[in-house]
Amino acid sequence: MSDKTEKKIKILSSAVFIAQAVIYVIFAFKFMREDLTVSLIFVALAFISILLQIPFHKLASDISAKQEPKRTQSLADIYSPDYIRTTTTEYLKKEKKEEKKAKRSSPQAEDLTREISLTPEIAKAADGLIQTKETPAFFSTTTIDRMAINNKTRSVTKFARDFGATLCAGGLHTAAVTQRGNVNAVGYNAYGQCDTQRWQNVISIAAGAYHTAALMRDGTCVATGYNGAGQCNVGTWAGICRIAAGQAHTVGLRVDGTCIATGDNTYNQCNIGDWRDIISIVAGYNYTIGLRADGTIVAVGSNTEGDWSGSKWGSISAVAAGNLHTVGLHSDGTCVATGNNANGQCNVNRWRNVCAIAAGNYHTVALRKDGTCVAAGYNGYGQCNVSSWEGVIAISAGRNHTVALTKHGRVLSAGDNTYEQCGTKTFSDIKTNK
């Protein structure tokens, strides 16, 4: 039963019940002088006729719901701009109604509007529908898009289309996705981690210590580089929407919110098969962090120095995993960190207006809403010299170097360049959000 049919039935039934009630009222007036008891009976019947509309309408709605066929969402459905536009618009309408209701109930109620930073494709598909002013989308290897974290959703891809980073800093190398879906890579290549020239239809990448993994447009993955622990064994993966790479392990997030992992599992960093409702996943040196739809995190792996003790955090919209420390981004643009702080890499509490974060071995980098950057931690190679950068829309942190992507597609770099991992000046036509 369609919504239109259900509506017609409800209108028709209402008309019938009301007409019946009117007839009973007429009879009630007719018998009022002759027999008061009979007149009251007709009044009662009229009242019952009006009340009968409620259960009848509920019955019609239940029948309609039961007859409504369940739609099985395929990857093509989820990826389509029409689906993205529809779901995004519906969510924002709901948020607007809730905001108005909260303000009516309390004059001093907080502004409940959540800021949504969209990924490249969804921003293009929903352009003009959700942004009142031009706001760049921010993404990096170790962050997720700021979306409706506290809105329970079946899948991260309901609001996210991009799937992750187009620029990535690994241990001693850097890789970036071009507009055409190819991958450029520079730096240490002893294990073939930079042999990405033949890849096509790539939408995001992740770089580990000595390997590089890529997510294809069809939800499959490919990897190259050192495979001593099986960290490149991703050829059978499907339905993936995000990937991340650690020291010697690779993890993937499926569109249904479950996870998969391969590679070194010495510290149980790959034991993520039972995770549910995950909307983003990141990999540290020997541990893995998952961000759940309710803004909390879950973690497995090495925790010798409190690497992921932030598992008790809440209201998190993004998380970054370094060597021995983890950084979280709150929805209000502030940051929190835990783990090894020998070099001050966890001194992020005073940062404000942050929209993306990245963590290297012993340093942390943040991207502010105005396109500038700030960094803390070990700076022996100049990896924290990012204060002069402007117009940045994406950041990523490697072992001892930092890279950034500007809104014009230019790649900036700072830090260790021993293997020319900062030699990104040759990069061109890198995929950006317009």
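Is Asn 353 buried, partly exposed or exposed, and what is its relative accessible area?

A: The model is a predicted one. In it, Asn 353 is partly exposed, because its relative accessible area of 48% falls between the limits of under 20% for buried and over 50% for exposed. Asn 353 sits in a loop, with strand S16 (335–339) on one side and strand S17 (354–359) on the other. The backbone at Asn 353 has a positive phi of about 55°, although the residue is not a glycine.

Asp 277, not a glycine either, has a positive phi of about 60°. Asp 277 is placed in the loop that links strand S10 (259–263) with strand S11 (278–283).

Elsewhere in the chain, an open sheet is built from three strands in the order S2-S3-S4, with antiparallel pairing. Its edges are strand S2 (167–169) and strand S4 (183–187), each of which pairs on one side only. Averaged over this sheet and with direction ignored, neighbouring strands are turned by 10° against each other. Between strand S3 (residues 173–177) and S4, which run antiparallel, there are five bridges. As for individual partners, Thr 174 is bridged to Val 186 in S4.

Notes
Residues are numbered from 1 along each chain as its sequence is written. This is a predicted model: local features need pLDDT of at least 70, side-chain atom pairs count only at pLDDT 80 or more; totals for chains, interfaces and linings use all residues. Side-chain values use heavy atoms; hydrogens and water are left out. Two strands pair if DSSP finds at least two bridges between them. Helices (H or I, at least four residues) and strands (E, at least two) are DSSP runs, numbered from the N terminus. Axes are lines fitted to C-alpha atoms, for helices over the stretch in contact, and angles run from 0 to 180 degrees between N-to-C directions. Buried means under 20% relative accessible area, exposed over 50%, partly exposed in between (1.4 Å probe, protein chains only).
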